[in-house]
Amino acid sequence: MMNQIKIGAFISERRKAKGWTQSQLAEKLEITDKAISKWETGRSMSDLSLFMPLCTLLDVTLNELFAGECIAEEKLKEKADKVLMDVITNWLGHDKWESKESDTTPENVLEVENVSKLYETENNSVLAVNDVSFQIPHGSFVGIMGASGSGKTTLLNLIATIDKPTNGSIRISGQNIVDIPDEATAEFRRRHLGFVFQEYNLLETLTIYENIALALTIKEVSKESIRPTIQSLSEKLDISAILDKFPYEVSGGQRQRCACARAIVVNPDIILADEPTGALDSHAARQLLDTLAMLCREYGATILMVTHDVMAASYCDRILFMKDGEIKAALNREQENKQTFFADILKKIEWIEGESHDVLEVVNP
Ligand code: ADP
Ligand code: MG
């Protein structure tokens, strides 16, 4: 269980590292100095609603706060124990989180088996996805890379129930989505999927707050818990100051983080992202990728992201490389850091490109 004294000492250490007095931290959190002093000596714990702002201020993750120490990135998942799940469950105010932990949840959130998609037009046909199979385990961040026209968007649309495969099966949390009748797909998407696309993410006539709240209204979430849920999540995603603005009034990066908030708030089985950083400058892109990685780490989200950007891909746990509608290779990020993974991805792309030249030379000697 939680060690209050250790956590208190950790808060104190992080506060001092920031160069703040107890009163300065108290002021930022709009609470009394006394409360801070009590936490730091382990005599009391912060109120649930203050955990996230406290983490943000001290630059630590929720896991780290509860562990009372800084945790190496690879160990984060291990440390996300029952305590953390309980707190998040309470904090988000609904119990959907627990269902993911139950025995009935299959280990793979997504199972794609021998999926093909043939587009047929009057004078030609394109095999956009060619006999693709892969699985995505719960809680992982998987990237799909490939040149333009390699079939990435088509594959994502098949998984998103926006399009139907010509062959094969796609299971999301055990359900074969190919069997879902057309009239039920919209409802399935709202309940089971989160989307972060390059554009058209938010409804322009609603405020940011309303966009997020709209997603929540389809879940069985009590009216009273909607506002606190959105507020806490917004703080974590650094969008609390813009909740009352309209999408066109905020930056691209802020819009994408709002899309992340809207996606995660319903606790979807999987979040699908198609080139989410495509329209962002590199600073905003990094911020968004950090946000997506954080959603996996701290909220147990499962993410499938299409990208052609190696920097974006280096944030993933696993990369699938597509070419001509097929998955030609896969790469796992084992214990290595982003930089090493980045280099590995580059090498793999080079290898795949090289392979194509070989093939071309054989075909046209
Ligand atoms: P990517 O997202 O990797 O750029 P796409 O999935 O958009 O690739 O496209 C893969 C191939 O399928 C391309 O050759 C493209 O022209 C073709 N394609 C995509 N959508 C359609 C469609 N609706 N009708 C016909 N062909 C399509
Ligand atoms: Mg595309």
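1. Helices (H or I, at least four residues) and strands (E, at least two) are DSSP runs, numbered from the N terminus. The largest share of the shell around ligand 1, 3 residues, is contributed by helix H9, where a residue belongs to the shell if one of its heavy atoms lies within 4 Å of the molecule.

2. This is a predicted model, in which local features need pLDDT of at least 70 and side-chain atom pairs count only at pLDDT 80 or more, while totals for chains, interfaces and linings use all residues. Residues are numbered from 1 along each chain as its sequence is written, chains are lettered from A and ligands numbered from 1 in the order in which they are written, and side-chain values use heavy atoms, with hydrogens and water left out.

3. Among the residues around ligand 1 are Tyr-119, Val-126, Ala-128 and Lys-152. Oxygen atoms of the ligand lie 3.2 Å from a polar backbone atom of Ser-150, 3.0 Å from a backbone N or O atom of Gly-151 and 2.8 Å from a polar side-chain atom of Thr-153. Strand E2 (125-137) and helix H9 (152-159) are the elements that give two or more residues to this shell.

4. Asp-269 sits in the loop between helix H13 (252-265) and strand E7 (270-274). Asp-269 is buried, with a relative accessible area of 14% (buried means under 20%, with a 1.4 Å probe and protein chains only). Its side chain makes a polar contact with the side chain of Ser-173 at 3.0 Å, a polar contact being a pair of N or O atoms within 3.5 Å, of which, within protein, one must be able to donate a hydrogen and the other to accept it, and residues adjacent in sequence count only if both atoms are side-chain atoms.

Methods: Buried means under 20% relative accessible area, exposed over 50%, partly exposed in between (1.4 Å probe, protein chains only).
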